[in-house]
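Subject: A structure for you to look at

Hi,

I am handing a structure over to you, and I hope you enjoy looking through it. My notes come after it.

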Amino acid sequence: VGDGTTALGTFALYSQNSDSDNEETGNVGVGYKASFYNETGKGNTYLGYEAGLGVSGQSNSYNIGIGDQSMKLIRTGTENVCVGGKTMQDLDAGTLAGSSSSNVFVGYEAGSGAWANTQTVGVVAVGQGAMSGLLDNVDGTVAIGNAALAALTTGAGNTAIGYNSCL
C-alpha cells in the first residue's frame, strides 16, 4: 500500500504496493483510475479521469499529471509535468516512449500525438495542441503557442514561439 498516499475515486492508485512495509510513497491519485497501474512509484500527483493510468507491471515516479488522460500510458518516465486534458497521452508505441522524462506539456492536447518508440527528454510545449504530432527524437525542443510545432515529427532542439508557429 504505502504511507503518505492519497487516493480518491474509483480504482485510483489501485495497484499501489510499496516495496517494503510502511514505505512512504507519497502518491496522490484523484479521479477514476488515476495512477491505476503504478505499483511502486513515488511522489506522483495525478488528478483527473485516467490521469497517469499507466501500463500493467510498470512504475513511475515524481510526475505531475493534471487533466483527463494526462500521461495516460506512462510507463517508467520520471519528472514530467503535464497540465491539461490529454497532455502527453499517447505513449503506447513501446517501452522507450513510456520512459520519457523531464518534459513539460501545458495546454489541452499538448504533446498528445502518437509517440514513436523513442525516449523523449527535456521538451517544453505550452499551448493547446502544441507538439501534438507524431514525436520521434525531439529532445530539447521548445514550442510555445497554440498549435506550435503541431506538425513536427522528428528533429531535436527546435524552438517555435507564436500562434500556429511552424505548423
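Below is what was found, one topic at a time.

First, some background: this is a predicted model, in which local features need pLDDT of at least 70, side-chain atom pairs count only at pLDDT 80 or more, and totals for chains, interfaces and linings use all residues. Residues are numbered from 1 along each chain as its sequence is written, and side-chain values use heavy atoms, with hydrogens and water left out.

**Asn 60**

You will find Asn 60 in the loop between strand E3 (45–47) and strand E4 (64–66); strands are DSSP runs of at least two residues, numbered from the N terminus. Asn 60 counts as buried because its relative accessibility is 2% (buried means under 20% relative accessible area, exposed over 50%, partly exposed in between, with a 1.4 Å probe and protein chains only). Leaving aside residues up to four places away in sequence, Asn 60 touches several residues, among them Asn 38, Tyr 46, Ile 74 and Arg 75; contact means heavy atoms within 4.5 Å. Its side chain also makes a polar contact with the side chain of Asn 63, at 3.2 Å (a pair of N or O atoms within 3.5 Å, where one must be able to donate a hydrogen and the other to accept it; residues adjacent in sequence count only if both atoms are side-chain atoms).

**Aromatic rings**

A search of the whole structure finds seven aromatic pairs. In one of them, Phe 11 and Tyr 14 are edge-to-face, because their ring centres are 5.5 Å apart and their planes lie at 80°. For reference, rings of Phe, Tyr and Trp (its six-membered ring) pair if their centres lie within 6.5 Å, and planes under 30 degrees apart count as stacked, over 60 as edge-to-face and the rest as tilted. Phe 11 is partly exposed, at 37%, whereas Tyr 14 counts as exposed, at 53%.

Phe 105 and Trp 115 form another edge-to-face pair, 5.9 Å centre to centre with 65° between the planes. This pair links distant parts of the chain, 10 residues apart: Phe 105 sits in strand E6 (residues 104–106) and Trp 115 in the loop between E6 and strand E7 (124–126). Phe 105 is buried, with a relative accessible area of 0%, and Trp 115 is buried at 3%.

Finally, have a look at Phe 11, Tyr 14, Tyr 32, Phe 36, Tyr 37 and Tyr 49, which form one aromatic cluster.

Best wishes

Methods
Helices (H or I, at least four residues) and strands (E, at least two) are DSSP runs, numbered from the N terminus.
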